[in-house]
Amino acid sequence: MGEAPSNSIPRHVAVIMDGNGRWAEARGLPRKAGHRAGAESVREAVDACLEKGVKFLTLYAFSSENWNRPEKEINALMKLLEQFLRTKGKEFRKKNVRLRTIGRTHLLPESCRSELAKVINDTSSNTALTVILALSYGSREEITDATRRIAEKIARGELEPDQIEKDTIVEHLDTAEFPDPDFLIRTSGELRLSNFLLWQLSYAEFFITEKNWPDFRKSDFNAALEIYSRRQRRFGRV
Ligand code: IPE
Ligand code: IPE
Ligand code: MG
């Protein structure tokens with residue numbers, strides 16, 4: 001079936017990078033200091049994936065609902081994203097990492113979109129690891145957009161309703177070109193999905209840690225992979 005067997009390295013790891021604000025508040029720092037510190041954890045997660053042979057890493061960086069935060073925090077996050085992308089171009093080229101995105105990225109400020117386009121273009125033929133940034137991403141929005149595109153094809157006569165299969169949905173999601181995540185990591189202890197990859201995580205193994213994202217470093221990532229390797233995935237079978 002193509003699923004990663006148990007006792008192995010997951011092909012695709014998805015991460016809800018949560019707790020930046022709490023990390024900063026615990027140190028008497030502004031929330032944006034936590035977001036900045038989180039960028040270092042991203043670098044270490046990428047390195048861990050490269051060393052262990054994980055092929056896809058999806059990082060939840062900004063949700064559809066995060067647009068409801070105060071404007072000041074949104075602006076700080078967008079500026080950090082832009083700076084992050086400026087440094088990642090070179091690093092990802094050197095490390096043979098390909099960058100992609102999912103989400104309604106057309107809603108991001110132009111300065112972010114142009115940096116994104118640059119890095120995506122410059123790294124498009126890299127093969128060691130694909131890093132997928134979920135930006136302005138919400139799973140319900142994604143499924144809504146996919147449904148609209150399928151309906152448009154039916155309206156144009158390109159598709160019949162009884163031709164809709166599971167794969168039809170898969171092919172219209174933002175994640176169409178990627179395998180489903182095998183492993184979900186959420187930092188900072190919340191026991192929820194927060195509108196992340198609802199369809200794609202159907203059979204993923206979950207790992208939730210109390211550590212905030214800026215404290216979640218390479219050794220933590222490797223320890224999580226070790227826990228994954230001991231899970232038994234059954235996919236409904238005995
Ligand atoms: C995660 O950290 C980063 C984003 C959602 C952009 P938070 O900003 O949610 O940090 P907490 O959860 O408030 O601590
Ligand atoms: C989820 O974290 C989104 C990201 C990590 C980008 P949130 O902090 O937005 O989630 P909730 O609000 O606690 O569910
Ligand atoms: Mg949070």
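Colleague: So where does ligand 1 sit?
Modeller: Ligand 1 sits in the largest pocket. "Sits in" means that more than half of its atoms lie within 2 Å of the pocket's grid points. A pocket is an open set of points on a 1 Å grid over the protein atoms alone, where a 1.4 Å probe fits, with protein on both sides within 12 Å along at least five of seven lines; lining residues have an atom within 4 Å of a point.

Colleague: Before we go on, what am I looking at?
Modeller: This is a predicted model: local features need pLDDT of at least 70, side-chain atom pairs count only at pLDDT 80 or more, and totals for chains, interfaces and linings use all residues. Residues are numbered from 1 along each chain as its sequence is written, chains are lettered from A and ligands numbered from 1 in the order written, and side-chain values use heavy atoms, without hydrogens and water.

Colleague: Which residues are closest to ligand 1?
Modeller: Asp18, Gly21, Arg22, Arg31 and Arg69. They belong to a shell of 13 residues, each with a heavy atom within 4 Å of the ligand.

Colleague: Which helix gives the most to that shell?
Modeller: H1, with three residues. Helices are DSSP runs of H or I, at least four residues, and strands are E runs of at least two, numbered from the N terminus.

Colleague: What about polar contacts there?
Modeller: Those are pairs of N or O atoms within 3.5 Å. A polar backbone atom of Arg22 is 2.7 Å from an oxygen atom of ligand 1. For a backbone N or O atom of Gly21 the distance to a ligand 1 oxygen is 2.9 Å. The protein covers 87% of the 380 Å² of accessible area that ligand 1 has on its own, by the Shrake-Rupley method with a 1.4 Å probe.

Colleague: OK, ligand 2. Which space does that take?
Modeller: The largest pocket. Its surroundings include Tyr60, Phe62 and Arg186.

Colleague: Which strand gives the most to the shell around ligand 2?
Modeller: E2, with three residues.

Colleague: Which side chains have polar atoms by its oxygens?
Modeller: Among them, Arg192 has a polar side-chain atom 2.8 Å from an oxygen atom of ligand 2. For a side-chain N or O atom of Asn66, the distance is 2.9 Å. Alone, ligand 2 exposes 390 Å², and the protein buries 79% of that.

Colleague: Back to the pocket. How many residues line it?
Modeller: 39, with Met17, Asn20, His35, Ala61 and Leu77 nearest its centre. H3 gives the most to this lining, with nine residues.

Terms used. A polar contact is a pair of N or O atoms within 3.5 Å; within protein, one must be able to donate a hydrogen and the other to accept it, and residues adjacent in sequence count only if both atoms are side-chain atoms.
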